[in-house]
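Here is a friendly walk through the fold, meant to be read with the viewer open.

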Amino acid sequence: SHVADLIAAGEVVERPASVVKELVENAIDAGSTAVVVEIRRGGMGLIRVTDNGCGIAPAELPTAFLRHATSKLRTEADLGKIGTLGFRGEALAAISAVSRVDILTRQAGAAEGASLHLEGGVPGTVEAAGAPEGTTITVRDLFYNTPARLKFMRKDSAETAAVNGLMQHLALSHPDVSFKFIKDGVEALLTPGDGKLESAIYAALGRDFARGLVPVSGSGGDISVSGFVTAPLMGRGSRSMQVFFVNGRFIKSQLLTAALEEGYRNQIMKGKFPGCVLSVTLPVTAVDVNVHPAKTQVKFAREHDVFDAVYHTVLDALDRTGA
Ligand code: ADP
Ligand code: MG
């Protein structure tokens, strides 16, 4: 029903950044090597995601916007590992329910592409259209038909900042994909997509941060830790440059922060914090599945082991720098 669609939409689409996240994850799922994200007015005016992925067949276009429509084969076992999943065919339906959407797509090798316009989830007709290989989805007037939600939106600048942060995290967790992010007509991020984390860090977090990073790689049992940390005594004024991924997902965690900082022992100046881009990989069963996949929190089953793995890996890396 329409109401059920709107309720579901509210869960998936909280703000422009959640739209961007879903669209970019779809682009990555489609095998894209280059993704362009454009927003205007914090995404409230426009969100456009262009990819060079597999595209969608014209006949499948309306289906993709139905609730529970997914082309991604998933077993019951997959559904248990919710940490690795998106919304199981909810995203496009939810986004289109609360906005005006245009999609233009062409499958690799197809002679022709197709376009479709949806208004509050109601699809028009699929039209043949010339298009580059891949998919462009444009979302306009987000929440235009849900005034209550519109009223609770924060300033455009806050939404822009949220999308900006998200784009940094997407770029850092997918160094093999080239990301371009354009906000209000200005290019804010461009990563080469050369597969090197250093390149993505340089592009996303800046030259100053990228200077003197210490590579980190190790494991404790079935928990592996890899990435980069800032050199000793190169602390930063806040913890905003501590970026953690758990099984590929951006996570905020006091446990991980504490483990990182413990690794530095006395090598941090007062009022300064080390920075990092660290990936923690562990069996999906060791992460609580009840934590909502869109949220940035996670609950570890064996907190002590996770702490030790991060702490020792960081300590080893810093020791090797001779500091
Ligand atoms: P899910 O990603 O969970 O399958 P979505 O609602 O996000 O559900 O997308 C529905 C379907 O639309 C996908 O399964 C996929 O077949 C198709 N799709 C969405 N975005 C793209 C894209 N950028 N490129 C190719 N196919 C896409
Ligand atoms: Mg999806």
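## A sheet and its helices

Helix 11 (residues 303-320) lies across strand 10, strand 11 and strand 14, and runs at about 140° to strand 10. Keep in mind that this is a predicted model. Helix 8 (residues 197-205) lies across strand 10, strand 11 and strand 14 too, running at about 45° to strand 11.

The sheet in question is open and has five strands in the order 10-11-14-12-13, with mixed pairing. Strand 10 (213-220) and strand 13 (249-251) are the edge strands; each has a single partner strand, so one side of each has no neighbour in the sheet. On average, neighbouring strands here are turned by 20° against each other, direction ignored.

Strand 10 pairs with strand 11 in the antiparallel sense through eight bridges, and Val214 stands opposite Val229 in strand 11. These two strands make a hairpin with two residues between them, where Gly221 takes a positive phi near 60°. On to the next pair: strand 11 (residues 223-230) and strand 14 (residues 276-281) are antiparallel and joined by six bridges. There, Ser226 has Ser279 in strand 14 as its bridge partner.

## Strand 8 and its partners

Elsewhere in the chain, strand 8 (residues 178-183) runs parallel to strand 1 (residues 34-40), and six bridges join them. Glu38 has Ile182 in strand 8 as its bridge partner. Strand 8 also pairs with strand 9 (residues 186-190), in the antiparallel sense and over four bridges. In that pairing, Lys183 stands opposite Val186 in strand 9. Strand 8 and strand 9 form a hairpin with two residues between them, and Asp184 in the turn has a positive phi of about 45°.

| Strands | Sense | Bridges |
|---|---|---|
| Strand 10 and strand 11 | antiparallel | eight bridges |
| Strand 11 and strand 14 | antiparallel | six bridges |
| Strand 1 and strand 8 | parallel | six bridges |
| Strand 8 and strand 9 | antiparallel | four bridges |

## Helix packing

Now to the helices. Helix 7 (residues 156-173) packs against helix 8 at an angle of about 170°, with the axes 8 Å apart. That angle makes helix 7 roughly antiparallel to helix 8. Their crossing is right-handed. Which residues meet there? Gln168, Ala171 and Leu172 in helix 7 meet Ala200, Ile201, Ala203, Ala204 and Leu205 in helix 8. By class, this contact has seven nonpolar residues, one polar and no charged.

Helix 7 also meets helix 2: their axes come within 8 Å and cross at roughly 25°. Helix 2 and helix 7 are therefore roughly parallel to each other, and helix 2 passes helix 7 in a right-handed crossing. From helix 2, Pro16, Ala17, Val20, Lys21 and Val24 meet Glu159, Ala162, Val163, Leu166 and Leu170 in helix 7. This contact divides into eight nonpolar, no polar and two charged residues.

## Around the ligand

Helix 2 (16-29) has a part in the ligand shell as well: helix 2 and helix 5 (91-97) each supply at least two residues of the shell around ligand 1. Which of the 23 residues around ligand 1 come nearest? They are Asn26, Ala30, Thr70, Ser71 and Ala91. By class, the shell around ligand 1 has ten nonpolar, eight polar and five charged residues.

Conventions: Residues are numbered from 1 along each chain as its sequence is written. Chains are lettered from A and ligands numbered from 1 in the order in which they are written. This is a predicted model: local features need pLDDT of at least 70, side-chain atom pairs count only at pLDDT 80 or more; totals for chains, interfaces and linings use all residues. Two strands pair if DSSP finds at least two bridges between them. Axes are lines fitted to C-alpha atoms, for helices over the stretch in contact, and angles run from 0 to 180 degrees between N-to-C directions. Two residues are in contact if their C-beta atoms, placed from the backbone, lie within 7 Å. A residue is near a molecule or strand if its C-beta atom, placed from the backbone, lies within 6 Å of it. Ala, Val, Leu, Ile, Met, Phe, Trp, Tyr, Cys and Pro count as nonpolar, Asp, Glu, Lys and Arg as charged, and the others, Gly among them, as polar. Angles under 35 degrees count as roughly parallel, over 145 as roughly antiparallel, 65 to 115 as roughly perpendicular and the rest as oblique. A crossing is left-handed if the near helix is turned anticlockwise from the far one by less than a right angle, and right-handed if clockwise.
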